Structures are given as structure tokens and as C-alpha cells.
Amino acid sequence: MSKVHNVIIIGSGPAGYTAGLYAARAMLEPLMFAGYMSGGQLMLTSDVENFPGYPKGIGGPEMMIELREQAERFGLEVRDQNVESVDLSEQPYKVVVEGETFLTQAIIVSTGAESIWLNAPGEEAQKGRGISTCATCDGAFFKNEEVMVIGGGDSACEEATFLTRFASKVTLVHRRDTFRASTIMYERALKHEKIEIKTFRQVKEWLSDEKGLTGAVLEDPRDGTTENINVTGAFIAIGHKPITGFLEGQVEVDEEGYILHKRHTMTSVEGVFAAGDVVDTRYKQAITAAGMGCQAAMDVEKWLEDQH
Ligand code: NAP
């Protein structure tokens, strides 16, 4: 408890590891709490094709393992533990992990975001029995079965395309007829022979029997008409929400819970910085998160210098 760290990094996606790499190279001896599922959302992604420097693409988990190794090579200490709470009321700040308290001058929050569920009637009981938010994790359970994906963004198109590896048919269900997904991702899904796209449909209710999910009632939001779809697997890909619960309102956030930057990457609390999807309402890319992680580490270095 007595040692005061220069900087503790909370969260371990591209933002956290890049912050760790830069902070370690700046000789700040950073300590990272990576979470029980270290690596963040990219650990649940198949191929990353848009991170510069990988002409053939790279698996999300492989990329995160390499980023971690790179930061550890320069001295980043990583612990695969979750932070329970922080106390930012006075310096040094306190970070509580499994009942143990760590002291630090600066903090970088890079906890990212987690999937949003639809919360349609019947959903709770079928989580893990047919309804999932992670095709990479659960797709292989649906070999030669019919599945659906809900959403109109890059995640939905990517998951639909990925699921064609296993499923006999994938129905992509979107509530509008305009897709947020990038053209390349949308067209890949559109052109795939196993994918059917249904627009102007949203899940009204999930259907199930004693074995698990059997389908859903889909509603047309324009006129309320309904139809049933028969699927044994459903993948919800309707976006993410930032992970900030452990901050317990001590840092200013926007109406959706994203942390607000006040000066460069510094939050409303002096010495507390934030980077990546926990801040980013707009870009949410691995490369932008990594860039922001770099900025946060450089801002911490400068801020620590100014304290002396
Ligand atoms: P997103 O772009 O926010 O898309 C969410 C989709 O879900 C939207 O089409 C939205 O519909 C729909 N939706 C939201 N709430 C809904 C509800 N209650 N019922 C039905 N549909 C609902 O989220 P995302 O696809 O997860 O992507 C997030 C970010 O990550 C984006 O910046 C994306 O580019 C990035 N990403 C990149 C890659 C890649 O480059 N490889 C892969 C995945 C994600 P509306 O359009 O009607 O609002």
C-alpha cells in the first residue's frame, strides 16, 4: 500500500497497451490492471484488416498478445485483475483491486466498451442458450443451423459474414434500410450467398422451447406488422456502451456515459486521463484507440513533470 506509482493504467485494449508501451519507454514504470479478460474487444474479433502494417490482416487476439508483449518488453507490469473502485478525492489516488489498495499519482482509464443487449421479452432466459453478442466466441455452436444477426453497423455485417463459416443460413435483420456499416463490410454481407438481409424489422419478442431459442417475432417499425423467423442462434450487434461503473461518478461523463476530455486526454479530474472506446463516441477503431493511448501516456509524462 505504501508505494506510490507514477501511473496506473486500467484496461487493456489497443489504447491501454499503447499507453503502457509509451509510459514504459518514458521510464514511468507503469502498472496495468488488464481485467480478467485482458485484451478487450479485439480478443473477440476474428480478423483485423484495417490496422496499418498488417498487409495480410491479423487475428484480433494475436494482435493483442503481440501488443502486450511489446509493452512488457519495455517494462509494463500487467496484472490480469479487475479494478473494483477508485478514490480520486485526494492525492495519491487509490485504486482498489480484489480488496488491495494501490496508490498512484496518475491514472489512465482505457476500459473500453461492452456490448449492448436488446432486452426484448424472453432475452434474459436465452442468453447462452441461443442468444449471444459474440459470433467469434459462439458461432461454432451453430454448425449447419440457421442464425440471425441484429444490427446495421460494421459489427453486424462482420458477424454475419463470419457466421457463414458455420451456419447454413444467416439472416441480417436491421430496423432501417440504411446501414451505418462501411461500404466494404456491407457489400461483403450483401453479396454473400448464405446471407439474407431483412430491413425494417426489429425483434418484438424471442421464441423458445425447452431446448433453447427457436426464433423471434419480428416487427416492422413502420406499421407494426409482424412475422416469425425460425433460428436457433441470434447474435445481437447493436453497438456498445462505455465501461465506467468502477469510477462511481467521480469523473465527468456525457449523457451516454462516455468519459469527457477536458484538456487534451485529461478528464475532469487532474491527473486522471482517458483513452480509447471509453471516450470515443465517433471513431471506435483499434488504430484511433492506439493513437489516443499514445497521447494519454505523453500527457501523463508531461503532467507528472509539471508536478515537480
Ligand atoms: P454502430 O455502428 O453503432 O451500429 C449499431 C447498429 O445497431 C446500428 O445500425 C443501429 O441502428 C442498430 N441498433 C442500435 N440500437 C438498436 C436497437 N435497440 N434495435 C435494433 N437495432 C439497433 O455499432 P457497431 O457496428 O458495433 O460499430 C461500432 C464502431 O466500431 C463503429 O465505429 C464501427 O466502424 C467500428 N467497428 C469496426 C470494425 C472494423 O473496422 N473491422 C468492426 C466492427 C466495428 P440505426 O442505424 O438505425 O441507429
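Student: Hi! Which residues of α2 are buried?
Tutor: Hi! In this predicted model, the buried residues of α2 are Gly60, Met63, Met64, Leu67, Arg68 and Ala71.

Student: And where do they sit around the axis of α2?
Tutor: They lie on the same side of α2, because they cover an arc of only 135° around its axis.

Student: What about the face turned away from that buried side?
Tutor: That face of α2 carries the exposed residues Glu69 and Arg73.

Student: How many residues does α2 have, and how far does it reach?
Tutor: Helix α2 runs over residues 60-73, so to speak, with 14 residues. From its first C-alpha to its last it spans 20 Å, close to the 20 Å expected at 1.5 Å a residue.

Student: Let's switch to the ligand. How many residues surround it?
Tutor: The ligand is surrounded by 20 residues, and the closest are Asn50, Asp154, Ser155, Arg176 and Arg180.

Student: What kinds of residues make up that shell: nonpolar, polar or charged?
Tutor: The shell around the ligand has five nonpolar, nine polar and six charged residues.

Student: Which helix gives the largest share of the shell?
Tutor: That is helix α5 (residues 154-163), which supplies three residues.

Student: How far is the side chain of aspartate 154 from the ligand?
Tutor: One of its polar side-chain atoms lies 2.6 Å from an oxygen atom of the ligand. For asparagine 50, a polar side-chain atom is 2.7 Å from a ligand oxygen. In arginine 175, a side-chain N or O atom is 2.9 Å from an oxygen atom of the ligand.

Student: And how much of the ligand does the protein bury?
Tutor: Taken alone, the ligand exposes 910 Å², and the protein buries 78% of that.

Methods: Residues are numbered from 1 along each chain as its sequence is written. This is a predicted model: local features need pLDDT of at least 70, side-chain atom pairs count only at pLDDT 80 or more; totals for chains, interfaces and linings use all residues. Side-chain values use heavy atoms; hydrogens and water are left out. A residue is near a molecule or strand if one of its heavy atoms lies within 4 Å of it. A polar contact is a pair of N or O atoms within 3.5 Å; within protein, one must be able to donate a hydrogen and the other to accept it, and residues adjacent in sequence count only if both atoms are side-chain atoms. Accessible areas come from the Shrake-Rupley method with a 1.4 Å probe; for residues, only the protein chains shown count as cover. Helices (H or I, at least four residues) and strands (E, at least two) are DSSP runs, numbered from the N terminus. Ala, Val, Leu, Ile, Met, Phe, Trp, Tyr, Cys and Pro count as nonpolar, Asp, Glu, Lys and Arg as charged, and the others, Gly among them, as polar. The expected span of a helix is 1.5 Å times one less than its number of residues. Buried means under 20% relative accessible area, exposed over 50%, partly exposed in between (1.4 Å probe, protein chains only). The arc is that of the directions from the helix axis to the C-beta atoms.
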